[in-house]
Amino acid sequence: MSKRLSTRTRQSAEPSRQRLLDRYRQHLQFAELKASAGDRIDAENDIQHAEHFFRSAAEQKDGD
């Protein structure tokens, strides 16, 4: 496998910064719904997932 192909495959496998931020917002919404339903454990789980996606988006270049 050529180096060029390998780089292209790796880049396309990485989610875009916008997609990561979409997932961040989605998990925050899930957390809000679960918290309002009284499910604090699942709400905390979604908050932790949201934080993961936020940190991942922060690591991405702004040009993506």
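How many salt bridges does the structure hold? The model examined here is a predicted one, and the structure holds 2 salt bridges.

The secondary structure of the chain comes to 3 helices and 0 strands. Followed along the sequence, the pattern reads α-α-α. The chain has 64 residues, and buried residues account for 17% of them. Contacts across the sequence can be described as well: of those between residues at least 6 apart in sequence, 57% join residues at least 24 apart.

Helix H2 spans residues 17-36 and helix H3 spans residues 40-59. The axes of H2 and H3 come within 8 Å and cross at roughly 165°. An angle over 145 degrees counts as roughly antiparallel, so H2 is described as roughly antiparallel to H3. The crossing of H2 and H3 is left-handed. On the H2 side, the residues that make the contact include Leu 20, Leu 21, Tyr 24, His 27, Leu 28, Ala 31 and Lys 34. On the H3 side, Ala 43, Asp 46, Ile 47, Ala 50, Phe 53, Phe 54 and Ala 57 are among the residues taking part. Several of these names return below, and they can be looked up in the structure as the text goes on.

With the two helices in place, the salt bridges can now be located. In one of them, the side chains of Asp 22 and Arg 25 meet with an N to O distance of 3.0 Å. Asp 22 and Arg 25 both belong to helix H2, where they sit 3 residues apart, about one turn of the helix. Asp 22 is partly exposed, with a relative accessible area of 34%, and Arg 25 is also partly exposed, at 40%.

Lys 34 and Asp 46 form a salt bridge too, and their closest N and O atoms are 2.7 Å apart. Lys 34 lies in helix H2 and Asp 46 in helix H3, so this pair ties together parts that are 12 residues apart in sequence. How accessible are the two partners? Lys 34 is partly exposed, with a relative accessible area of 29%. Asp 46 has a relative accessibility of 5% and therefore counts as buried, since the cut-off for buried is under 20%.

Helices H2 and H3 are also linked through aromatic rings. The structure holds 1 aromatic pair. This pair is formed by Tyr 24 and Phe 54, whose ring centres are 5.1 Å apart; with 45° between the planes, the arrangement is tilted. Tyr 24 is in helix H2 and Phe 54 is in helix H3, 30 residues apart, and the pair thus links distant parts of the chain. Tyr 24 is partly exposed, with a relative accessible area of 23%. Phe 54 counts as partly exposed as well, at 43% relative accessibility.

Which residues does His 27 touch, leaving aside its neighbours within four places in sequence? His 27 has its place in helix H2, and its contacts are Asp 46, His 49, Ala 50 and Phe 53.

The segment after H3 contains Gln 60. Is Gln 60 buried or exposed? Gln 60 is buried, with a relative accessible area of 17%. When neighbours within four places in sequence are left aside, Gln 60 is in contact with Glu 14, Pro 15, Arg 17 and Leu 20. Both Arg 17 and Leu 20 belong to the H2 side of the contact with H3.

Two glutamates of helix H3 complete the picture. Glu 59 lies in this helix and is exposed, with a relative accessible area of 68%. The C-alpha atoms of Glu 59 and Arg 17 are separated by 8.6 Å, although these residues are 42 residues apart along the chain. Glu 44 is likewise found in helix H3 and is partly exposed, with a relative accessible area of 39%. Between the C-alpha atoms of Glu 44 and Phe 30 the separation is 10.0 Å, and the two residues are 14 residues apart along the chain.

Notes: Residues are numbered from 1 along each chain as its sequence is written. This is a predicted model: local features need pLDDT of at least 70, side-chain atom pairs count only at pLDDT 80 or more; totals for chains, interfaces and linings use all residues. Side-chain values use heavy atoms; hydrogens and water are left out. Rings of Phe, Tyr and Trp (its six-membered ring) pair if their centres lie within 6.5 Å; planes under 30 degrees apart count as stacked, over 60 as edge-to-face and the rest as tilted. Helices (H or I, at least four residues) and strands (E, at least two) are DSSP runs, numbered from the N terminus. Buried means under 20% relative accessible area, exposed over 50%, partly exposed in between (1.4 Å probe, protein chains only). Contact means heavy atoms within 4.5 Å. A salt bridge is a side-chain nitrogen of Lys or Arg within 4 Å of a carboxyl oxygen of Asp or Glu. Axes are lines fitted to C-alpha atoms, for helices over the stretch in contact, and angles run from 0 to 180 degrees between N-to-C directions. Angles under 35 degrees count as roughly parallel, over 145 as roughly antiparallel, 65 to 115 as roughly perpendicular and the rest as oblique. A crossing is left-handed if the near helix is turned anticlockwise from the far one by less than a right angle, and right-handed if clockwise.
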